[in-house]
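Please keep the sequence and the coordinates at hand while reading.

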Amino acid sequence: MRRTKEEALQTRGALLRAAADIVVGQGAGSFTLEAVAQHAGVTKGGLLHHFPSKEALVDGLIDDVLERFASRLQVELANEAEGQPGHWMRAYIRMMLAVQDDDFYLIPTLAAIVVSQPATIERIRSAMLTSQQAAAHDGIDPTRATIIRLAVDGLLFTRAFHLDVVDDDIRRDVLDALIGMTRASGED
């Protein structure tokens, strides 16, 4: 029986989610092809069909994380008036909030993979550099844009790693203030 493209995509997604679950829930030391296949409910051969090696699976996880971030950013950018100062930063803030709410597992998964596979850090660094460049060229003061980006990243990362000491009311106020800063002229 030949599998459809949609079934293959579903299996691939299940494998990526299983890999993320294992890395986050059990640690990078438990991240084996056998464990991922078992957790996803597929054979090791089925896993190897989609990801021929552990490195390919790691690359798949990184690609998945980066694609989710990029897709969400495009959705948020579509809700902003292009060309308006700060439009990219507002979309970035909203994208990070959406990732935080919907795909919370992505950040610790990414961090665990980087720790276990240091060669992958360059791909993530490249994506962060792209974000920094977009922030710095968003029509607002580049220093202000960088402060906003770093604050948003910090809010997300501290929450993802259960280091968050900011209550929800303050968090909302901070995010509202950051959105406001994207509309500021850059003068204090």
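In which helix does Asp153 lie? Asp153 lies in helix α8, which spans residues 142–160, where helices are DSSP runs of H or I with at least four residues, strands are runs of E with at least two, and both are numbered from the N terminus. The model is a predicted one, in which local features need pLDDT of at least 70 and side-chain atom pairs count only at pLDDT 80 or more, whereas totals for chains, interfaces and linings use all residues. Residues are numbered from 1 along each chain as its sequence is written, and side-chain values use heavy atoms, with hydrogens and water left out.

**Overall fold**
- The chain has nine helices and zero strands, and its pattern along the sequence reads α-α-α-α-α-α-α-α-α.
- Of the 188 residues of the chain, 38% count as buried, where buried means under 20% relative accessible area, exposed over 50%, and partly exposed in between, using a 1.4 Å probe and protein chains only.
- Among contacts in the chain with a separation of 6 or more, 65% come from residues 24 or more positions apart, a contact being heavy atoms within 4.5 Å.

**The largest pocket**
- About 560 Å³ of space lies in the largest pocket; a pocket is an open set of points on a 1 Å grid over the protein atoms alone, where a 1.4 Å probe fits, with protein on both sides within 12 Å along at least five of seven lines.
- The volume is the space filled by probe spheres set on the points, with grid points joined across faces, edges and corners.
- The lining has 25 residues, of which Leu66, Phe69, Ile124, Ala127 and Met128 lie nearest the centre of the pocket, and a lining residue has an atom within 4 Å of a point.
- Helices α4 (54–78), α5 (87–102), α6 (106–116), α7 (121–136) and α8 each supply at least two residues of this lining, and the largest share, eight residues, comes from α7.
- By class, the lining divides into 20 nonpolar, two polar and three charged residues, with Ala, Val, Leu, Ile, Met, Phe, Trp, Tyr, Cys and Pro counted as nonpolar, Asp, Glu, Lys and Arg as charged, and the others, Gly among them, as polar.

- Asp153 counts as buried because its relative accessibility is 4%, and, leaving aside neighbours within four places in sequence, Asp153 is in contact with Tyr92, Met96 and Met128.
- Ile93, in helix α5, is buried with a relative accessible area of 1%.
- Not counting residues up to four places away in sequence, Ile93 touches Ile148, Val152, Leu175, Leu178, Ile179 and Thr182.

**Packing of α1 and α2**
- Helix α1 (residues 5–26) and helix α2 (residues 33–40) pack at an angle of about 115 degrees with their axes 8 Å apart, where axes are lines fitted to C-alpha atoms over the stretch in contact and angles run from 0 to 180 degrees between N-to-C directions.
- The contact involves Ala14, Leu15, Ala18, Ala19, Asp21 and Ile22 of α1, together with Ala35, Val36, Ala37, His39 and Ala40 of α2.
- Ile22 is buried, with a relative accessible area of 2%, and, leaving aside neighbours within four places in sequence, Ile22 is in contact with Gly27, Ser30, Phe31, Ala35, Val36 and His39.
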